[in-house]
Each structure stands twice: as C-alpha cells, then as structure tokens.
Amino acid sequence: MDVLRHPESTGREPFEVVVARHGAVVLRVCRAVVGPDAADDAWSETFLSALRAWPSLPPGSDVRAWLVTIAHRKAVDAHRAAVRRPTPTDVLPERGGDLLGDWRADLWEAVGELPGKQRRCVAYHHLAGLPWAEVAALVGGSEAAARRAGADGVRALRRRWFEQEAPSTTAREEER
Amino acid sequence: MSATRERLDGAAGEEAALARLADGLARRAEDEDLLDVAYRTLDTPVGTLLLAGTVAGLVRVAYDCEDHDAVLQSLAERVSPRVLRAPARLDAVAGELEEYFAGTRTAFDVPLDLRLAAGFRRSVVEALPRIAFGATASYTQVAALTGSPGAVRAVGTACARNPLPVVVPCHRVVRSDGSPGQYVGGAAAKVSLLALEARRG
C-alpha cells in the first residue's frame, strides 16, 4: 500500500489537481466511514474545507493524509451532531447477482455495519493508504490497537461478504 | 485486502459521481468566495482556448501551444492556488468569443483583470484595443500609441506575453512591411484571425 503514496511538494498547485488526484480515494473513505447516503455531503464538506486551507498548507505535506484527516474530523462532527448511525440489521443484504453496482452496494452496507473504530481503521488504512501510525493518530489509541481493529474489520468483512453462506448471527456474535 | 480494494476500484459510476461532486464543489466555492480562479476551455477555429477568470474579470486566455496545465500552475503561483474548473464565471466571455468567431461580434465588453501585465506591458495591453477590428498597426505605431515611440522592441515583447490574446487584439500588430510576424498562438492562428476580421470588416 505504501508504494501508492507519493510525496507532494507544494501547497501552490492548482486545487483542481488535488480534486482530480484524490477525489476518488476521499469518496471511498467517506462511503466507508459515514455510509453511501451521507458520503456526498461528507466529500463536499471535506473538499470545501481543504480549498479554504489550501494556500496555507505547508510545502511537503502529505496531501492525501491531510484530506483524510479533514474527512475524519467532518465525520466525527457529523456524528456528534447526532446524525443517525447505520443501524445493524439481523438480515444480511442480499447479493445482487453479478452486477457490479449491486455487490458494491453490498460492500458499503457491510462496511457500515462494522463497529466505528474498525470501520475507520479499514477506511483509513486499506482505502486511503495511511500508515498505521497515522491511522492511530486519527482514531485514538496505540498503533497496535489500530492495526488490530483494522485486521478485525477485514476479517469481519471477509466473513460477511466473501462467505455469504455463513450464518450471519454467528458472525455477529463472534465479534462481541 | 487486495481483493477488497479491487472490488472497490471496480466503481461503476464512480467517475460520474465525482464529476457531479466536482461541479457542486465549484458552485459552493463560488458562493463562499473561495473561487479565486475559475477556468474552462472553449473549442474555437484556432484551437482549444483556456479561459480563466478572477472575481475582477477575465485574467488569462491561453492557446493549446502554451500548455494549459503549465498556465494553470502559473496562475496558482501568481494569482492564487484556489483554482477550480468552474465554467459559470466564464459563460459571458465564452459567448462573446463564439460570436466573434462566428463573425457577429467585433469587440469584447467583459471586465478584464490585467494583473498579469505590469508596467510598460500593461500600457501596451491597454492600448491594443484602440486598434479597430479589421485594422492592423505596426509595432512602431503601437509604440507611438503608448507614448514611448522608441520602445518598439518592448512592444514586441509585450504582445508576445499578452495574457489575454484574442480578447486583447495583439494579433492586429504586424510588421512594418505588412507581414503578420510572430504570435503567441502561432503564426497560423494570427493569419487566421486577421483573415476572419478582413472578411467581416
């Protein structure tokens, strides 16, 4: 994952370049962290904030990590503002055949059902490519704890999503 | 993990979603006074033009051969890095340019932001619109227009670095022998603009 990270040297690039380069990753992180319905708003708030601060970002900053940090703060704010959380259901979402869009929707639901810390650790490390130390700085706790939460999240996702035959109640109980 | 990522990357419709979100971002940036430089491109008979505007007015017109990415980078450094593709602010000038290339407009009346032309270059840029549509002037004549008759070479430099070609008509400045001479958009574009104006004018 780290090979995908590239240092960017300037806060003086046209902001359009930032949107083009990082828009997709930030959208995936938002979908994973706040769910597909609230993701568009989270993306817009993140980039609007980033645009405001862009001229004063120190040169040499890791722009992707900076954007993910803003997205994280926006998600925390939205949560504190009592935006409803995704409610876990006892019924697993149906796999919608072979259509790309259908199984993608499934995945977002599965990610949305992970406990908050696991969900964020999976999003920030596996989707955004942040090193575990930076993930830990965002979600709180130690690097090892972040790593564990991420591993637990991925394991839960595999169970629910890759092995849909497995009884869902068992999977959920194992986590508790 | 790579399987997870692969599925996520499969993103049907993600590009469409991102295009919609980017449009929304540009609108909100404009509403909240964060859109320091808006830009769009326009296809014309002399190639694709980049149009960039600040809140004060049109700040840059650039030909393909100037490298649009490089021009945007330069705008980020010289004006502000808050640069977004945002067509709305450039609608008026794009409409006037379309009319100009269609032969139904002989002058532009959109607000101009001349901050990229300083000192003597700015005097030249301000003098150029006095050369009427369909007419031409020599570098010597433009030097006289600016009140610095000896500054013929500097007029040449100022024309070559005109930040607003087409709209500010540096293409109407030709050599004393009447041949077109050099142009920021290439000699062919200059000939083409002069021919367009000759037909209409």
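## Basis of the description

Domain bounds in this report come from an automatic or database domain assignment. For chain B, that assignment gives domain 1 (2–102) and domain 2 (119–200).

The model is a predicted one, in which local features need pLDDT of at least 70, side-chain atom pairs count only at pLDDT 80 or more, and totals for chains, interfaces and linings use all residues. Residues are numbered from 1 along each chain as its sequence is written, while chains are lettered from A and ligands numbered from 1 in the order in which they are written.

## Chain A and its confidence

The secondary structure of chain A comprises eight helices and zero strands. Here helices (H or I, at least four residues) and strands (E, at least two) are DSSP runs, numbered from the N terminus. Of the 176 residues in chain A, 36% are buried. A residue is called buried if 20 or more other C-beta atoms lie within 10 Å of its own, exposed if 12 or fewer, and partly exposed in between, with C-beta atoms placed from the backbone. Two residues are in contact if their C-beta atoms, placed from the backbone, lie within 7 Å. Among contacts in chain A between residues at least 6 apart in sequence, 68% join residues at least 24 apart.

The average pLDDT of chain A is 77, and 70% of the residues score at least 70; pLDDT is the predictor's confidence in each residue, from 0 to 100. Among the elements of chain A, helix α2 (residues 36–53) of chain A has the highest mean pLDDT (94) and helix α8 (residues 168–175) of chain A the lowest (47). The pLDDT is below 50 over residues 87–103 of chain A, a stretch with 18 contacts in the model beyond near neighbours in sequence. It is also below 50 over residues 168–176 of chain A, where the model has eight contacts beyond near neighbours in sequence. Where pLDDT is low, the predicted coordinates should not be read in detail.

## Where the two chains meet

The contact between the chains involves 29 residues of chain B and 28 residues of chain A. On the side of chain B that touches chain A, the elements giving two or more residues are α1 (2–9), α2 (14–31), α3 (68–78) and β4 (83–85) of chain B. The largest share of that side, nine residues, comes from α2(B).

By class, the side of chain B that touches chain A has 16 nonpolar, six polar and seven charged residues. In this classification Ala, Val, Leu, Ile, Met, Phe, Trp, Tyr, Cys and Pro count as nonpolar, Asp, Glu, Lys and Arg as charged, and the others, Gly among them, as polar.

## The two domains of chain B

The C-alpha centres of domain 1 of chain B and domain 2 of chain B are 28 Å apart. Their contact takes nine residues from domain 1 of chain B and 11 residues from domain 2 of chain B. Strand β3 (residues 58–62) of chain B gives the most to the side of domain 1 of chain B that touches domain 2 of chain B, with four residues. That side of domain 1 of chain B has eight nonpolar, no polar and one charged residues.

## Strands of chain B

Strand β2 (residues 47–53) of chain B is largely enclosed by the rest of the structure, because five of its seven residues are buried. Strand β1 (residues 37–44) of chain B pairs with β2(B) in the antiparallel sense over seven bridges; two strands pair if DSSP finds at least two bridges between them. Within this pairing, B:L42 has B:L49 as its bridge partner. The two strands β1(B) and β2(B) form a hairpin with two residues between them.

β2(B) also runs antiparallel to β3(B), joined by four bridges, and B:L51 stands opposite B:V61 in β3(B). The hairpin of β2(B) and β3(B) has four residues between the strands, and B:G57 in the turn has a positive phi of about 155°.

## A loop residue and a helix

B:V110 lies in the loop between α4 (91–102) and α5 of chain B. B:V110 is partly exposed, with 17 other C-beta atoms within 10 Å. Although B:V110 and B:G57 are 53 residues apart in sequence, they are 7.3 Å apart in space, C-alpha to C-alpha.

In helix α7 (residues 152–160) of chain B, the residues B:V155, B:A158 and B:C159 are buried. These residues are on the same side of α7(B), because they cover an arc of only 100° around the axis, the arc being that of the directions from the helix axis to the C-beta atoms. On the other side of α7(B), B:R153 and B:T157 are exposed. The buried residues of α7(B) pack against α5 (119–127), α6 (139–145) and β6 (173–174) of chain B.
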